[in-house]
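Colleague: Can you walk me through this one? I would like to go over the contacts first.

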Amino acid sequence: MSLEEFETQLRPVFLAALAGDAAAYRRFLDAIGGRLRGYLRQMLARAGRHEPSEAEDVLQEVLLALHLSRHTYDPASPVTAWAHAIARYKLVDHLRRSGRHAGNLPLDDEAFQLADRPEAPSTEARLDLDRAMASLPERTRGLIDRVRLQGASVAEAADAAGMTENAAKVAIHRGLQAMAKFLSRRGERPT
Amino acid sequence: MQTNELISLMSASHRPVDTGWLRRATWLGALCALAATAGLVLLTLGARHDFGRAWLTTPVLAKMLLGASVAGIALPLFQRSLRPGLKPARRLPLVALPILLAAGWALLTLAQVPAEQWSTLIFGRYWRACLIAVPLYALCPLIVLLLLARRGASVDGPLTGACAGLASAGLATVAYALHCPDDAAPFLAIWYTIAIASMTALGALIFPRFLRW
């Protein structure tokens with residue numbers, strides 16, 4: 001699928017998601033996630049890094065960044081360009097943090113265009129996100145585990161934790177924010 | 001955690017998203033910062049003595065117009081620079097337009113008088129005050145824009161900073177026009193432009209430190 005076709009398919013889905021359609025949002029994340037996985041694997045391979053688990057780590061960081069920056073999307077612009085710019089920013093950040101000079105990387109759009117087949121997640125990530133999870137407060141962690149492991153809806157998880165659905169969504173949102181912050185500080189030496 | 005689980009988690013806690021917030025917050029923030037800066041100028045320096053007579057004259061309006069147009073061009077670019085995937089840098093040269101107009105007007109003014117009067121027209125009475133006051137007052141809108149920028153997702157810190165510096169200097173120019181007693185066009189074209197340029201550089205320099213995400 002060419003980038004234009006992908007954009008034409010993806011944009012209405014994302015617009016529906018922004019209006020509040022959670023199922024559309026899930027479809028969007030699955031589709032863009034597959035595409036970004038290919039992009040990140042290619043770019044990391046060019047930097048001499050062939051571990052798929054590293055690509056999966058960066059992908060999770062990028063997905064988290066997309067999620068937390070949804071409000072920065074301009075509905076009049078291509079959603080693939082928005083996602084690509086975020087992925088690229090996080091990739092450069094990742095390379096810089098892990099001690100590789102990003103300046104001589106050919107960070108062009110080519111790889112994004114080339115990655116036209118969504119790639120399956122063949123490996124697990126290297127636990128970076130789990131480490132980020134461990135830094136969350138107990139209550140938020142319980143909530144998140146119930147949703148992600150047991151496949152509970154937020155309403156069910158909120159019920160079990162004795163809170164309202166809205167409060168649970170806010171708590172999960174804060175948890176995701178804290179995890180993103182944790183990830184972007186990872187690797188920085190305390191001075 | 002597997003990527004699948006992360007996606008489930010994010011879509012389960014998903015809520016409707018307001019994509020217009022950044023734009024509205026930028027304009028509202030800029031208006032509030034302008035009001036605050038104008039208040040600060042009036043409180044600390046006071047309006048110029050002849051403000052009642054002078055506020056509708058060309059020089060005062062020209063100062064305000066210069067500041068307002070620089071801010072009016074820079075603010076949308078600032079707002080767009082907080083949204084990944086847009087390329088607002090291409091329109092940044094537009095900011096030069098009002099400044100070039102002011103420069104043209106200044107040259108025209110200088111051409112019409114003998115050279116002995118040039119230094120009076122250029123330096124006026126308070127060029128140092130202008131050079132210090134505009135950047136100083138511009139710190140107020142700059143801080144507002146910095147806080148706002150942290151709510152966005154800038155992938156180009158220096159660009160966001162330069163736009164914020166331009167906008168805040170523009171707003172400060174409007175506010176300082178309430179006080180500034182020098183009315184010659186060459187004065188306006190030189191000292192205000194230097195003040196605006198220095199805020200642009202300051203923004204481009206300091207913003208990247210605060211905008212990592």
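Colleague: How many residues does the contact take from chain B and from chain A?

Modeller: In this predicted model, the contact takes 30 residues from chain B and 45 from chain A. Contact means C-beta atoms, placed from the backbone, within 7 Å.

Colleague: Which elements give two or more residues on the chain B side?

Modeller: Those are α1 (3-12) and α2 (21-44) of chain B. Nine residues, the largest share, come from α1(B). Helices are DSSP runs of H or I with at least four residues, numbered from the N terminus.

Colleague: And how do the residues on that side of chain B divide?

Modeller: Into 16 nonpolar, nine polar and five charged. Ala, Val, Leu, Ile, Met, Phe, Trp, Tyr, Cys and Pro count as nonpolar, Asp, Glu, Lys and Arg as charged, the others, Gly among them, as polar.

Colleague: Switching topic. At what angle do α3 (52-68) and α9 (165-185) of chain A pack?

Modeller: About 130 degrees, with the axes 10 Å apart. Axes are lines fitted to C-alpha atoms over the stretch in contact, and angles run from 0 to 180 degrees between N-to-C directions. That makes α3(A) oblique to α9(A), the class left after under 35 (roughly parallel), over 145 (roughly antiparallel) and 65 to 115 degrees (roughly perpendicular).

Colleague: Which residues make the contact?

Modeller: Among them are Leu64(A) and Leu68(A) of α3(A), and Leu176(A) and Leu183(A) of α9(A).

Colleague: What is the mean pLDDT of chain A?

Modeller: It is 84, with 83% of residues at 70 or more; pLDDT is the predictor's confidence per residue, from 0 to 100.

How values were computed: Residues are numbered from 1 along each chain as its sequence is written. Chains are lettered from A and ligands numbered from 1 in the order in which they are written. This is a predicted model: local features need pLDDT of at least 70, side-chain atom pairs count only at pLDDT 80 or more; totals for chains, interfaces and linings use all residues. Two residues are in contact if their C-beta atoms, placed from the backbone, lie within 7 Å.
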